[in-house]
Amino acid sequence: MKLDDLIAQPTSWLQPGGPQSDIILSTRVRLARNVAGRPFLTRLTAEQREELEAWLKAAVLKALGPQDVSWFELDGMPEIDRRCLVERHLISREQAAGEGHRGVAIDPSQRIAVMTNEEDHIRLQVYSPGLQLDETWRDADEIDDRIEQQVPYSFSPKLGYLTACPTNVGTGLRVSLMLHLPGLVLTKQIEKVFRAVSRMRLAVRGLYGEGTQATGDVYQISNQATLGRSEQDILKTLGAVIPQIIAYERQARDVLATESPMFVDDRIFRSWGILTHARTISSDETLTLLSAIRLGIHLSRLKGVAIAAVNELFLMTRPGHIQKIRGAELSEADRDVARADYIRRRLGAA
Amino acid sequence: MADKQVKRGVGGPRVKETGVLCQRCKKQQATIHLTEILQTEKRERHLCEDCAREEGVAIKAQANLHDILAGMLEAHQEAGKEAAITCPDCGITYAEFRNGGRLGCPHDYEVFGDLLREVLEKVHGASQHVGKLPQRAGADSHAQRELMQLRRQLQEAVESEHYEEAARLRDLIKDKETAGETR
């Protein structure tokens, strides 16, 4: 599959219909692995890195089935394309911004992405729409076994899977849930929830990971500790905490709908008005307004708009994608015009 | 870099007073210092806590793993002796690790053992792996070290143009790798 075809298709984690998908956008499982007997990335010479990359590419393709995944070399890939892959969460920002031989294997449904020569030699990610902790882990675990048949992993009985950064050592497992929490934001309870969450050794981040803003009321919650607890323990902790957050969010939405219907409706329809009539709009404003639209659909206050369309806009209006759609590099001002255009057409407005 | 961000560890928020006014309300002192990376553009913002909360950004300042790590590593900075500890396999010094936050090779976990134990305890609250085990035994640390040393020797042999030695080492590495894969 070519990159352009991949970008033209919806990505798995934004597919509607997953369990609890009115609140949980996606579940992600990430495993960090390194090859035994090799230095980590910071100490690899250019030649060693090139040799390793060739080996890892062959190993990953064999493990996943060369007919089932596409391989993308990131060194030399145009910036807009790399940006689109980041916006789809298929590669990390570090992987996009890095230098030297590095790549990613992606399956056509864009559920599986295996990065090579990122911070660690191998970063395996599996996505599912909605809340699917066990299923997503099971698939990642199985792919991990298949890759290990091709590549001996760096492992110590005491410290587990050895990683370039000590914050990932042990299981190398990071489970992240992407949550849409407009109810908790509007009722100003979000801070309270996050204080409780951080006491459980869970981390809260914005839409695009560490150091990014929680634009569009989308937050990522993930396990912080990777050592001293098993994969099952990590899944269990999230499996206990996330349903509570879902319950709080539902409660907040109910309170808004029953106690402040005018406030909520104004927010929803004002957002609808701007999205369907604006002539220029930034990507952050778009996400903020789409968040209100998403809430409106789930509160059954906004009829006739498909959640799939909203999810799609969520991704396609990001700076990389809007340039990809236009097929040209655009200045920020031109992007804002192109974005407003695209949204109006997608929502069937004038 | 690290001290520009708010760090929230176990002891609650640690906030830096810099005498800068909040960029949003322009009244209160900015105590939240954010480095945002929007795709490739980097932007620094300075806000007071009220404005940060209103923008919903205050939470992102908590629980940044690398900040915790960087903060703890800084605490070690005075100990000059520790900074010079060097891994015989990959050549990284403890000072280099402390500055970059990334280790150079798997053996560093042994070389910097005592220093890392504290880091691991802080980040994970544990220092013993209890999760998944690789299926293959080939990944034992002795074999890994040996391979690493052989590769280093190979590199030196190539650089010093000892090609016969290099060829011998290359074959030896290949044999050992294959042995590891079939074990």
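**A tour from a helix pair to chain B**

The crossing of α10(A) and α11(A) is left-handed. To see this pair, select residues 283-298 of chain A for helix α10 and residues 307-316 of chain A for helix α11. Keep in mind that the model is predicted.

Look along the two axes. They come within 10 Å and cross at roughly 165 degrees. Angles over 145 degrees count as roughly antiparallel, so α10(A) is roughly antiparallel to α11(A).

Now show side chains at the contact. From α10(A), pick Leu287(A), Leu290(A), Ile293(A), Arg294(A) and Ile297(A). From α11(A), pick Ile307(A), Val310(A), Leu313(A) and Phe314(A). Colour them by class: 8 residues are nonpolar, 1 is charged and none is polar.

Next, switch to chain B. Its secondary structure comprises 8 helices and 4 strands. Trace chain B along the sequence: the pattern reads β-β-β-β-α-α-α-α-α-α-α-α. Of the 183 residues in chain B, 30% are buried. Take the contacts in chain B between residues at least 6 apart in sequence: 41% of them join residues at least 24 apart.

Then colour chain B by pLDDT. The average is 73, and 64% of the residues score at least 70. Select residues 1-17 of chain B, where the pLDDT is below 50. Beyond near neighbours in sequence, this stretch has 32 contacts in the model. Move on to residues 58-63 of chain B, where the pLDDT is also below 50. Here the model has 26 contacts beyond near neighbours in sequence.

Last stop, the scores for the model: ipTM is 0.88 and pTM is 0.80.

Key
Residues are numbered from 1 along each chain as its sequence is written. Chains are lettered from A and ligands numbered from 1 in the order in which they are written. This is a predicted model: local features need pLDDT of at least 70, side-chain atom pairs count only at pLDDT 80 or more; totals for chains, interfaces and linings use all residues. pLDDT is the predictor's confidence in each residue, from 0 to 100. Two residues are in contact if their C-beta atoms, placed from the backbone, lie within 7 Å. Axes are lines fitted to C-alpha atoms, for helices over the stretch in contact, and angles run from 0 to 180 degrees between N-to-C directions. Helices (H or I, at least four residues) and strands (E, at least two) are DSSP runs, numbered from the N terminus. Angles under 35 degrees count as roughly parallel, over 145 as roughly antiparallel, 65 to 115 as roughly perpendicular and the rest as oblique. A crossing is left-handed if the near helix is turned anticlockwise from the far one by less than a right angle, and right-handed if clockwise. Ala, Val, Leu, Ile, Met, Phe, Trp, Tyr, Cys and Pro count as nonpolar, Asp, Glu, Lys and Arg as charged, and the others, Gly among them, as polar. A residue is buried if 20 or more other C-beta atoms lie within 10 Å of its own, exposed if 12 or fewer, and partly exposed in between; C-beta atoms are placed from the backbone.
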